[in-house]
Amino acid sequence: MTGSPAPDGTAKAADAPALLPVASPARTRAAVAALVRPQRRAALGALAVMVAATGVGLLVQPLLGRIVDLAADGGSANAVTVTAALLAAVAVVQGVFTGLGLSLISRLGETTLARLREQFVERALGLPLDQVEKAGAGDLTARVTADVSLIADAVRSALPELARSLLTIVLTLGALALLDWRFLLAALLATPVQAATARWYVTRAVPLYAEQRVAGSAQQQQLLDTVGGGSTVRAFRLEHAHTERVAERSAALVALTMRGVRLVLGFYSRLHVAEYIGLAAVLVTGCWLVDRGSASIGTATAAALYFHSLFGPVNAALVLLDDAQSATAGLARLVGVTDLPRPPAARRPASVGDVDVTVRGVGHAYRPGHPVLSGVDLTIRPGERVALVGASGAGKTTLARLVAGVQQPTEGAVLVGGAPPAELGPAGTGSTIALLTQETHVFAGSLADDLRLARPDATDAELRAALAHVDALDWAEALPDGLHTVVGDGGRRLSGAQTQSLALARLMLADPPLVILDEATAEAGSAGARELEKAVARAVDGRTALIVAHRLSQAATADRVVVLDRGRVVETGTHDELRAARGPYAALWAAWSDTRAPGS
């Protein structure tokens, strides 16, 4: 069985990812209640306005029934005119109250969603990187994109419509009972059919739509593979085979879509049967009551109109059950993340130069029986700069991640300033540890905002000082708008060397006591590597530093070099001492030097 590579080239288990947790239905309801609780008054106000709007709207049917009675009894034109004017007034008042009520519900939903989104992002950013990697980036990405989008759509459209529909149903049934309780009984004859239809639809729709999403993902993935690997497909004459695969995926998706269409048609046909049963029962009841003299023609007309007005709300409420279930499932996934335990509060040493690192008997394995590190002992004194070197797969990156607290060792202990790295909090403003890798992200926004991520209260002068310290001020001020130039997605693209300089400037602003560099200059290229290495040396000066050396020139300038081979420390000493020892490091240095062009 093959596995995915670890950051330093070792194999991890190919087991299914340990997905992030999903909250139970009870916990999801409790979380929503907690979010809404501070807005109880707003919720009650929105409910009151919607009840008023629905209640006013229920005056339409009796007023129409009044017109029918006036026409049947030969009433005066003035009476009809007054009733028509009341109808117009009801329409205006209902429109105003409905608009206000829907806006209040939407505001309540958006505010609640915003608070949930903020809690989710706060917890997601605080998750241990090891946990995120085990779950897979796709799980977290799907929650923050697809699930949030689904809930947002439900809040903006389904929630107001569902609230209005349910209120209309309840109040309309109450109005039928006020006309005559026998009208209510007649209308309720449609309920068993509607309930059976809802159950029939939901039990089939949920798994079908889940299958559709899987099929859609498979089709999209096949299209991406075919288009993205177009040159390879053409080189091996695989056009026909890939076309067939795309056609198969598309045909499977179309078949599922047509099943969904047939399901919806069956759903509405059953609802129409329920509507026919109910309306027929109300009309028959009305004729019977009018014949007995227990109700007027206008009253019977109002009852029929009341039941007819239920068609839209009942159908909408039943259709929205599917949306509500999908949104609830997405909500449970968000709450599952927000409920994760918070990381311990960060503890920062008194000054930059007093942090030491102790690695004692450390062993680590990504899967049982396949150790990446074994019996590693290492001490880094405060302010000392140590370079880790070794062949690919020797365990350099794994050791760096253990010291950074990204992962916990399976054996032994790692202490930073006398405390486990996990207790020192995540990297950021006021943290003890900063981890810089070759995968530096440039956030969308101005260059100044990007720098202030490390220290939000930094002044422009402090930003320029940080850039100048790492020799980045010249190119930064040469940008079209200087520090206010928009970079990242949608903005100016930075080169590899500029991106790494930006990371080093952030490091200067964050001012952590311990710096871990994992091949942080690898993306600079030969042309800018030497200048970037000088900038790295200035950035880590006076700090405790652990450097995974991509270029052995970094090892040559370090205070001490530690050589790893197959997960074990095989040599340690200064650059000159290890070269003179003619051991593994001397062999690595000789091999590396032979590949360097003069002056590189």
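Me: Which residues in H17 do Glu-462, Leu-463, Ala-466, Leu-467 and His-469 in H15 meet?
Reply: First, this is a predicted model, where local features need pLDDT of at least 70 and side-chain atom pairs count only at pLDDT 80 or more, while totals for chains, interfaces and linings use all residues. Residues are numbered from 1 along each chain as its sequence is written, and side-chain values use heavy atoms, leaving out hydrogens and water. Helices (H or I, at least four residues) and strands (E, at least two) are DSSP runs numbered from the N terminus. Taking contact as heavy atoms within 4.5 Å, those H15 residues meet Ala-505, Met-508 and Leu-509.

Me: How do the residues of the contact of H15 with H17 divide?
Reply: Ala, Val, Leu, Ile, Met, Phe, Trp, Tyr, Cys and Pro count as nonpolar, Asp, Glu, Lys and Arg as charged, and the others, Gly among them, as polar. Sorted that way, this contact holds 6 nonpolar, 1 polar and 1 charged.

Me: Is H15 parallel, antiparallel, perpendicular or oblique to H17?
Reply: Axes are lines fitted to C-alpha atoms, for helices over the stretch in contact, and angles run from 0 to 180 degrees between N-to-C directions. Angles under 35 degrees count as roughly parallel, over 145 as roughly antiparallel, 65 to 115 as roughly perpendicular and the rest as oblique. Helix H15 (residues 460–469) and helix H17 (residues 496–510) pack at about 125 degrees, with axes 8 Å apart. So the relation of H15 to H17 is oblique.

Me: Is the crossing of H15 and H17 left-handed or right-handed?
Reply: A crossing is left-handed if the near helix is turned anticlockwise from the far one by less than a right angle, and right-handed if clockwise. By that rule, the way H15 passes H17 is right-handed.

Me: Is H10 roughly parallel or antiparallel to H11?
Reply: Helix H10 (residues 239–292) packs against helix H11 (residues 297–309) at about 170 degrees, their axes 9 Å apart. Therefore H10 and H11 are roughly antiparallel.

Me: What handedness has the crossing of H3 and H11?
Reply: Helix H3 (residues 60–73) has its axis come within 8 Å of that of H11, crossing at roughly 145 degrees. That crossing is right-handed.

Me: How many nonpolar, polar and charged residues has the contact of H3 with H11?
Reply: Among the H3 residues here are Gln-61, Pro-62 and Leu-64, and the H11 ones include Ile-297 and Tyr-306. By class, the contact has 7 nonpolar, 6 polar and 1 charged.

Me: What is the phi of Asp-471?
Reply: Most residues other than glycine have a negative phi. Asp-471 sits in the loop between H15 and helix H16 (473–477). Its phi is positive, near 60 degrees.

Me: Is Asp-511 buried, partly exposed or exposed?
Reply: Asp-511 lies in the loop between H17 and strand E8 (514–518), with a positive phi near 55 degrees. Buried means under 20% relative accessible area, exposed over 50%, and partly exposed in between (1.4 Å probe, protein chains only). Because its relative accessible area is 29%, Asp-511 is partly exposed.

Me: How many helices and strands has the protein?
Reply: Buried residues make up 42% of its 600 residues. As for elements, the count is 21 helices and 11 strands.
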